[in-house]
Amino acid sequence: MLVVASGRGALSGLFPRRPEHSPHDAPRRLVCAGLYTGIAPAEPAAVTIGVAPGQGELLEIPLVSRHGRVTALLFENVPGGDLAVLNELSPADDPALFRKTVVEKLHEHHPATAERVLGDFALTDPRDLLQGAVTPAVREDFLPLGDDRFALALGDAHVVVDPVMGQGANIAAYSAAVVAAEIAAETVYDEVFCRRVARAREEVLLGASAWTNLVLDPPPWLGELWRGLADDPRRADEFTDNFDHPDRQWRALATRRRVRAFLDGS
């Protein structure tokens, strides 16, 4: 049996897409992620998520890097929106214009972060910026290779999610742990084995994918969730804890009725 974990290059299309779990054929967000100095930490210091309706999201992440303590700003910009310009500018070509534009867009769309921007705000290094996009997809768990041999999909070769909810590395690590445990418990790696692996990891992986896609294409009632979390620290903590349990998160958020039950504590 061969385990394939690479989602790029010639192997990226080895496993067929599962259309029932892959509603997008193009990126839903433009990613602009960089390391910055000159941002006062939130109180308390934590990862924060800002939502600009119709424009995208901003993840603010305190980090320790080779530059010391910095703040990662992960802009998730809607294609064609006002923030999409951040993916068109190069800090290497014109650092002043890039800095000016980031500050302006923070004030326009993410004021909670903008109010903590200091006078020495700057990108640490043009090499510390990533601009790109991800097309989410769920692919088949395994592929027959003939002669009772199989290729098993793992990581980005299996499930690719937009980074807006930070689930990519989480579910790849979880999937790897499931596969490792099943390999250690078995001696025959055939179709029966592959199907058992698929069942063992499916709820967590599909939950992360569906939850992320819900945020990428938010229904009108998703605003009720954000407002409810802002007003109820206990539910906000539960929502945060569920980043470690995407299956549980999806069960809480899948429909408007489930969101209301979650916010009501029922």
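Arg18 and Glu202 form a salt bridge, their closest N and O atoms being 3.8 Å apart; the term stands for a side-chain nitrogen of Lys or Arg within 4 Å of a carboxyl oxygen of Asp or Glu. Arg18 sits in the loop between S1 and S2 and Glu202 in helix H4, so the pair ties together parts that are 184 residues apart in sequence. Helices (H or I, at least four residues) and strands (E, at least two) are DSSP runs, numbered from the N terminus. This is a predicted model, in which local features need pLDDT of at least 70 and side-chain atom pairs count only at pLDDT 80 or more, while totals for chains, interfaces and linings use all residues. Residues are numbered from 1 along each chain as its sequence is written, and side-chain values use heavy atoms, with hydrogens and water left out.

Arg18 also meets Glu20 in a salt bridge of 3.5 Å, N to O. Arg18 counts as buried at 12% relative accessibility, Glu202 is partly exposed at 34%, and Glu20 is exposed at 55%. Here buried means under 20% relative accessible area, exposed over 50%, and partly exposed in between (1.4 Å probe, protein chains only). Salt bridges that share partners join Arg18, Glu20, Asp141, Arg201 and Glu202 into one network.

Arg201, a member of that network, is found in helix H4 (residues 191–216) and is buried, at 0% relative accessibility. What does its side chain meet there? A polar contact of 2.8 Å joins the side chains of Arg201 and Ser175, where a polar contact is a pair of N or O atoms within 3.5 Å; within protein, one must be able to donate a hydrogen and the other to accept it, and residues adjacent in sequence count only if both atoms are side-chain atoms. A polar atom of the Arg201 side chain also lies 2.9 Å from the backbone oxygen of Ala153. Leaving out residues up to four places away in sequence, Arg201 touches several others, including Asp141, His158 and Tyr174; contact means heavy atoms within 4.5 Å.

His24 lies in the loop between strand S1 (2–4) and S2. His24 is buried, with a relative accessible area of 7%, and its side chain makes a polar contact of 3.1 Å with the side chain of Asp217.

The count of salt bridges comes to 22. One of them joins Lys105 and Asp82 at 3.0 Å, N to O. This pair links distant parts of the chain, with Lys105 in helix H1 and Asp82 in the loop between S5 and H1, 23 residues apart. Lys105 is buried at 9% relative accessible area, whereas Asp82 is partly exposed at 31%.

The nonpolar interior comes next. A nonpolar core is a set of buried Ala, Val, Leu, Ile, Met, Phe, Trp, Tyr and Cys residues joined through side-chain atoms within 4.5 Å. The largest has 18 residues, of which Tyr36, Leu73, Phe75, Phe98, Val102, Leu106 and Phe121 touch the most other members. Strand S2 (30–39), strand S5 (68–77), helix H1 (95–109) and strand S6 (117–123) each supply at least two of its residues, and H1 gives the largest share, four residues. Beyond residues up to four places away in sequence, the contacts of Phe75 include Leu30, Leu58, Val102 and Leu106. A second, separate core of 16 residues includes Val164, Met165, Phe239 and Val259.
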